[in-house]
Amino acid sequence: LFMLTAVALFALMDAGLKLLAPHYPPLQVAALRGMSSLPFVLVWVLCTATMRSLLRVHWPLHLLRGVLGIGMMVGFVYGLRSMPLSTAYAITFVAPMLVTAMAVPFLGERVGPRRWTAIVVGLVGVLVVLRPTGEGVATVAGLAVLVAAVCYAASAITVRMLAQRDSSQAMVLWFLVLLSAGAGLLAAPDWMPLQGSD
């Protein structure tokens with residue numbers, strides 16, 4: 001039930017990104033996504049974690065995950081500016097398959113023939129979904145969403161590595177802090193005033 005709720009909230013968040021994408025630069029939308037989540041996460045973290053567990057973490061992996069998160073958000077938001085949400089989602093369906101493929105060299109996990117077959121079938125399925133629309137990966141927006149999917153997959157691998165040594169609170173907190181600060185600094189020169197309705 002928690003996972004279903006989380007997926008539903010992700011879908012609502014992405015719908016919000018789709019509404020904001022035409023009006024603001026992608027970096028600004030990425031920064032706002034992090035900043036709007038941060039207060040809620042801070043309350044949870046301060047109630048459930050110790051300062052030591054938040055500061056004694058594997059910083060290089062957290063920084064890498066922050067960079068990947070910025071790339072993921074910017075690519076996805078950029079793609080949403082000119083393509084339907086359904087098409088963007090179809091492209092991102094490659095992400096779980098990429099996670100499985102990346103788990104072999106980076107995590108040393110064994111992927112059997114059945115899973116490789118499922119990956120190939122899944123990739124063919126994504127191509128079938130994209131073909132009727134005519135606005136898939138062959139566009140700049142499609143490539144941006146594909147880059148976002150690759151960043152997401154790589155980020156998922158870093159989460160798996162971080163989970164062996166760092167707390168859930170530290171992983172969520174530092175991801176949002178790095179996303180907010182990194183995207184915010186990069187967005188600052190072109191920052192647009194927020195409309196009240198947004």
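Which element gives the most to the lining of the largest pocket? Helix α1 does, with 9 residues.

## The model

This is a predicted model, where local features need pLDDT of at least 70, side-chain atom pairs count only at pLDDT 80 or more, and totals for chains, interfaces and linings use all residues. Residues are numbered from 1 along each chain as its sequence is written, and side-chain values use heavy atoms, without hydrogens or water.

## The largest pocket

The largest pocket has a volume of about 1400 Å³. A pocket here is an open set of points on a 1 Å grid where a 1.4 Å probe fits, with protein on both sides within 12 Å along at least five of seven lines; lining residues have an atom within 4 Å of a point.

The lining has 32 residues, and A6, F10, M13, R33 and Y152 are the closest to the pocket centre. Elements that give two or more residues include α1 (2–20), α2 (26–48) and α8 (140–162). By class, the lining has 25 nonpolar, 4 polar and 3 charged residues.

## Helices α2 and α9

Helices α2 and α9 pack at about 150 degrees, with axes 8 Å apart. That makes α2 roughly antiparallel to α9 (angles over 145 degrees count as such). Their contact has 17 nonpolar, 8 polar and 1 charged residues.

## Aromatic pairs

The whole structure holds 2 aromatic pairs (ring centres within 6.5 Å). In one, the rings of W59 and W174 have centres 4.9 Å apart and planes at 65 degrees, so the pair is edge-to-face (planes over 60 degrees apart). W59 lies in α4 and W174 in α9, 115 residues apart.

Methods
Grid points are joined across faces, edges and corners, and a volume is the space filled by probe spheres set on the points. Helices (H or I, at least four residues) and strands (E, at least two) are DSSP runs, numbered from the N terminus. Ala, Val, Leu, Ile, Met, Phe, Trp, Tyr, Cys and Pro count as nonpolar, Asp, Glu, Lys and Arg as charged, and the others, Gly among them, as polar. Axes are lines fitted to C-alpha atoms, for helices over the stretch in contact, and angles run from 0 to 180 degrees between N-to-C directions. Angles under 35 degrees count as roughly parallel, over 145 as roughly antiparallel, 65 to 115 as roughly perpendicular and the rest as oblique. Rings of Phe, Tyr and Trp (its six-membered ring) pair if their centres lie within 6.5 Å; planes under 30 degrees apart count as stacked, over 60 as edge-to-face and the rest as tilted.
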